[in-house]
Amino acid sequence: MPTRESLEGNRWLRPVAHRVLAPALWRFTRRSVPRGVALGMVTGILVPMGQIPASAVFALPLRANIPAAALTTFITNPLTTPPLWVAAYWVGRKLLRLDAAVPGSPLANKVAANMGWIQWLYAEAGPALAVGLLTVTVVGAIVGYAAAALGWRLWIARKWARRHARIVADGAQ
């Protein structure tokens, strides 16, 4: 893991080091962590390569936590990407109503029999996958943000409850 000093000394990062190394982007706070989780979901699903650098770059203007954003991008990996794309295709087909019956069944059967895979990819699979990926991304980012915010709130509430219990126990002695 690179140190802060090595990042400050990097000749490529030197012009923007003051922005990238701002303590607010690296500190875990109740506002920056949910932003980082949501941003990591977006870049993890929509950015095919270079997800961690993309999430770090997008975290700057959004004031999101860079480690949380980078870690959340790992939601997509070689094991989870195929099921995610299948689910996105299914969601896209449902939203675009591509499985609705076409009137004139003989015509529909003839068109389906002559439709090549490139035409299918261009006319059906591509739009369905794009709409599905956008939908899954938005839902995932909202759920990730809400889960991170709720988890943060529960963690702080538990800390306060322990502190209160300790104060009560010390007062009883």
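Arg-63 is exposed, with a relative accessible area of 53%, where exposed denotes over 50% relative accessible area, buried under 20% and partly exposed the range in between (1.4 Å probe, protein chains only). This residue belongs to the loop that links α5 (51-62) to α6 (66-72). Most residues other than glycine have a negative phi.

The model is a predicted one, in which local features need pLDDT of at least 70 and side-chain atom pairs count only at pLDDT 80 or more, while totals for chains, interfaces and linings use all residues. Residues are numbered from 1 along each chain as its sequence is written, and side-chain values use heavy atoms, with hydrogens and water left out.

The protein as a whole has nine helices and zero strands. Helices (H or I, at least four residues) and strands (E, at least two) are DSSP runs, numbered from the N terminus. Of the 173 residues in the protein, 27% are buried. The protein exposes about 12,100 Å², of which carbon and sulfur atoms supply 70%; such areas come from the Shrake-Rupley method with a 1.4 Å probe, and for residues only the protein chains shown count as cover. A contact means heavy atoms within 4.5 Å. Among contacts between residues at least 6 apart in sequence, 75% join residues at least 24 apart.

The largest nonpolar core has ten residues in all: Ala-17, Val-20, Leu-21, Leu-25, Leu-39, Ala-59, Leu-60, Ala-64, Ile-66 and Ala-69. The elements that give two or more residues to this core are α2 (17-20), α5 and α6. A nonpolar core is a set of buried Ala, Val, Leu, Ile, Met, Phe, Trp, Tyr and Cys residues joined through side-chain atoms within 4.5 Å. Within this core stands Val-20; leaving aside neighbours within four places in sequence, Val-20 is in contact with Leu-25, Trp-26, Leu-60 and Ile-66.

Helix α4 (residues 32-46) is the place of Val-42. This helix of 15 residues reaches 21 Å from its first C-alpha to its last, close to the 21 Å expected at 1.5 Å a residue; the expected span is 1.5 Å times one less than the number of residues. Helix α4 is mostly covered, twelve of its 15 residues being buried, among them Val-37, Leu-39 and Met-41.

Val-42, Leu-46 and Leu-134 make a nonpolar surface patch of about 230 Å². Patches consist of residues with over 30% relative accessible area and no salt bridge, with like charges joined within 9 Å and nonpolar side chains (Val, Leu, Ile, Met, Phe, Trp, Tyr) within 5 Å; a salt bridge is a side-chain nitrogen of Lys or Arg within 4 Å of a carboxyl oxygen of Asp or Glu. Val-42 is partly exposed at 30% relative accessible area, and Leu-46 is partly exposed at 37%. Not counting residues up to four places away in sequence, Leu-46 touches Leu-133, Leu-134 and Thr-137. Leu-46 and Leu-133 are 87 residues apart in sequence, yet 7.3 Å apart in space, C-alpha to C-alpha.

Helix α7 (residues 81-96) has 16 residues and spans 22 Å from first C-alpha to last, close to the 22 Å expected. Its buried residues are Leu-84, Ala-88, Gly-92 and Arg-93. An α-helix has 3.6 residues a turn, so residues three or four places apart point the same way.
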